[in-house]
Amino acid sequence: MGKTRSYKAQKVVDLMKAKTKSRQIMLSLESCVKCGQCIDQCHYVLANPDDPTFAPPYKADKLRKFFKAHEDWTGKVIPWWVGARSIYTDEELEELKDVVFGKCTGCRRCSLVCPMGVDMATFNGMARNLLYSVGIMPEGVWAVAKDQWEIGNQMGVLKEDYLDTLEWMEEELQSKHNDPSIKIPIDKKGADIMYTINPREAKYDPRSIADAAEIFHFAGADWCMPSEGWDMTNFGLFVGDPSLGAAASSRLYTAAQELGVNKVVISECGHGYRSTKCEGPNWAKMDLDFPMESSVITMLDYIKQGKIKVDKSKNSEKVTYHDSCNFARSCGMTEEPREVLSLVCSDIQEMYPNRQWNYCCTGGGGAMSMSEYAPMRLKSAKIKAEQLRATGAKIVVTSCHNCVDGLTDLIKHYNLDMKVTQLVNLVANALVVPASKMPKVMKEVSMPLAGKKILVIDDEPDVRIFLTKIFKENGCEVFEAPDANQGMRIIRDKNPDLVSLDMILPHKTGEKLYWELRKDEKYKKLPVVIVSGYTKIDDPKIDFDAFLEDKGIPAPQGFVEKPIHPDVLIETISGVLLEKV
Amino acid sequence: MGNEINPLVEFAVHQLHWVLLFMGTVYAFKIRWILKHPAGKDRQAPTGEANQTSKSGAWYSLFSIAMPWTLNSYREKPMMYVQFVIFHICVAMSITMTIVFSYRPVWLSAPATIAVIQVIYAAGFIVGLYRLARRVFSPVMRMISSPDDYFSMALLVVWVGFSFLVIGQAPAFAVAIGQLDASQVASTQLNEIPLIAYYFLTAFFLIYVPFSKISHYIFYPFTRWHFGQTMGHRGIYPLKRIDKMKAR
Ligand code: SF4
Ligand code: SF4
């Protein structure tokens, strides 16, 4: 009697048979000769030399075994001889999940050295899709994919928040240059350029939007941003799902077609660029009649054509350039960013290895949304950290938002004296504004929170980075914790003036920590501001009011809802701290 | 054929073309199977420099194995490349020599030719042993290896060993099958045991190969071609500025 297979395993087997009809995928699965050439090209292997389970062919074999059991001639007849084995249980699917999501960022470094041309990244994506199809994936991946399906962008930024952010950035620019003619045009029909961004910019890094707008403005570009279809990222790439890929990319293509723009410019993002320019037309099965280019090319053209003037002495700190895997290895963008860098920075140190052989930032493949694998990710980041440290640079530049987060996280973890930025920020900083457009009045900056100690407890690295940046800009000393236990330790050690607390945390919830603080004689008066996107509408289990009532404890000093508006945040925090004073 | 030849050897030589035909037929089916899988189309607009097209990328990819400087792993470990080349030359030569030895042994009558071939066999044999040892003793290689991986490698090493032993008999064999006059060779004595073993091993090898990992060379051109097409179309292949990638 044959072995029984769980419902999910059977579904995965059926789907696998359909997926491996593609010649490219089938060949990658069939061709490995186990020569081992790719093994020490993988950053996971280099950082974990004693653990052979990180080796690319070992990871690939988790899927290859089961492909062979169903499709390969010898594998079907004498499976044990060629290491073929089908998949039967949900536990095996979970194991496969840990490999394809947790142990491979799909960086393609191994593919580029494989003498056979085995494309690990492509079939790792396929394996992710098989699991995704039966609901097996890291929780964070599910949340992001859901947002992209439902809301139309992977960070769940609502249309009104996005438009608010654009308006806010427009006002900032106008006040910076004392020039009300500076605009961020929205939905301008027939514009030359439609500029598309990563939702991370709208949510956590609006400064990048302002910088791009500044560049477009001073270059005299006829441009706009769409009110729909503005997200150029695509989680379809990370879950290997062509349907999600098609849904997300066609939204953007349709926006471009409806506006009748001449070209789409994609802001600096490795996977966004690859998804929108390379994979999107395949997923959406659309032959597009407008070109798409990276903003790196646009900026380079503006500088070369003299449309904007830059002064490289304005960026005088030593910089190095990190190649995003998707941008460099999967799209060949290695020289253009370096050319821009050489035009806007005066002290550049190349990192080694570089270009197509650079190491992954370790946050690729959607890894930043998989908090359960964060310790493994950060351990594997050792290689990247050493590579960065060896440059002696103070700034690492990258053309990818994912890499910004991945690098920021590892820089902090390995205590590197470095910060991360993008070309758009450096170009904007190096801009030489024509004298006629110089700001007349410098805005006075006051820092009511200067010197305050704030602890940010949030499991999402993106959010921590964003909050830290805002608090630091307002003169605070900031501590970060990814979970409640670490948060409690920092409270004891550092005695912060205020805690910014997320509700949904791994292991112990924010609610529970809040309750513990209020029970503790020493901390019961410690100001806490809840910064969370979850309400009882999202999840009925989270009824914080009922919880407070049930425990008989007072409400926290403040609430700030995600997506976070910096003004609201600072207003709330100032209110709490200054009132306390 | 001459009278001195062992009937078993004679039998084996006569069956060789059937074995080769069998191998060719299985390969034909394999190629048909590969082609039955539709190749995906890349709709994105071509990107990159003028010399980076899907065709140039495909050719570049196909021959990148002959350009070790384009493969980071071989740049970092040149000795791995050297042994890779030796081993593959040796195996390709063994297969060719099976046919030459059986049908035109007269071509192998010069002692210098035999000496060169034997040097290559010896080098290939040593590399093969090293590769087998690496597979057995390295924990990571052990973890990724199946019985077929060990067996294929061991089979190749033994076969190359026998090829080494047998190739020296080419002049005597040429005399035995009437391609050469006995007066033209130093010895007409055939050492039949290794010869019989060699032929049966060769027959087994040729029948086994299409079902083992050794058949990877059938996949090689397809896999590299398609990979290169995509990489060329997207402006990655041929790689730019390789000189700048690693040099310090
Ligand atoms: S380099 Fe290629 S053929 Fe060799 S083990 Fe890695 S994937 Fe397999
Ligand atoms: S694609 Fe990158 S992370 Fe995945 S196995 Fe290959 S080298 Fe490692």
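The dialogue below walks through confidence, cavities, a ligand shell, sheets and backbone details in one predicted complex.

Reader: What ipTM and pTM does the predictor give, and what is the average pLDDT of chain B?

Author: pLDDT is the predictor's confidence in each residue, from 0 to 100. Where pLDDT is low, the predicted coordinates should not be read in detail. Chain B averages 91, and 97% of its residues score at least 70. For the complex, the ipTM is 0.90 and the pTM is 0.83.

Reader: Which elements make up chain B?

Author: Helices (H or I, at least four residues) and strands (E, at least two) are DSSP runs, numbered from the N terminus. Chain B has eleven helices and zero strands. Its C-alpha trace spans about 70 × 45 × 35 Å along the principal axes.

Reader: On to voids. How many cavities does a search of the whole structure find?

Author: On a 1 Å grid over the protein atoms alone, a cavity is a set of points where a 1.4 Å probe fits but cannot get out, and lining residues have an atom within 4 Å of a point. Points are joined across faces, edges and corners, and a volume is the space filled by probe spheres set on them. Here the search finds seven cavities of 30 Å³ or more.

Reader: Which residues lie nearest the centre of the largest cavity?

Author: They are A:E30, A:K68, A:D72, B:S212 and B:K213, out of 20 lining residues. The space inside is about 230 Å³. At least two lining residues each come from helix 5 (73-77) of chain A and from helix 1 (7-36), helix 7 (147-167) and helix 10 (216-233) of chain B. For classes, Ala, Val, Leu, Ile, Met, Phe, Trp, Tyr, Cys and Pro count as nonpolar, Asp, Glu, Lys and Arg as charged, and the others, Gly among them, as polar. This lining has seven nonpolar, five polar and eight charged residues.

Reader: And what classes line the second largest cavity?

Author: There you find 14 nonpolar, two polar and two charged residues. The volume is about 150 Å³, and A:C32, A:C38, A:P57, A:C114 and A:V118 lie nearest the centre. Helix 4 (56-71) of chain A gives the most to this lining, with four residues.

Reader: Which residues surround ligand 2?

Author: A residue is near a molecule if one of its heavy atoms lies within 4 Å of it. Around ligand 2 these include A:C42, A:H43, A:C104, A:C107, A:R108 and A:C110. Helix 3 (43-47) and helix 4 of chain A each give two or more residues to that shell. By class, the shell has seven nonpolar, three polar and two charged residues.

Reader: What is the backbone of A:R108 doing?

Author: A:R108 has a positive phi of about 75° although it is not a glycine. A:R108 sits in the loop between helix 6 (90-100) and helix 7 of chain A.

Reader: Now the sheets. In what order do the five strands of the open sheet run?

Author: Two strands pair if DSSP finds at least two bridges between them. In chain A the order is 9-8-10-11-12, with parallel pairing. Strand 9 (477-481) and strand 12 (558-561) are the edges, each pairing on one side only. Axes are lines fitted to C-alpha atoms, for helices over the stretch in contact, and angles run from 0 to 180 degrees between N-to-C directions. Neighbouring strands in this sheet are turned by 20° against each other on average, direction ignored. Strand 8 (453-457) and strand 10 (498-501) share four bridges, and A:V456 has A:S500 as its bridge partner.

Reader: Why do strand 5 and strand 7 of chain A each have one side without a neighbour?

Author: They belong to an open, parallel three-strand sheet in the order 5-6-7. Strand 5 (319-322) and strand 7 (419-421) stand at its edges with a single partner strand each, so one side of each lacks a neighbour in the sheet. The twist averages 30° from one strand to the next.

Terms used. Residues numbered from 1 in each chain as written. Chains lettered and ligands numbered in written order. Predicted model: local features only at pLDDT ≥ 70, side-chain atom pairs only at ≥ 80, totals over all residues. Heavy atoms only, no water. 1 Å grid on protein atoms, 1.4 Å probe; cavity = no way out; pocket = protein on both sides within 12 Å on 5 of 7 lines; lining within 4 Å.
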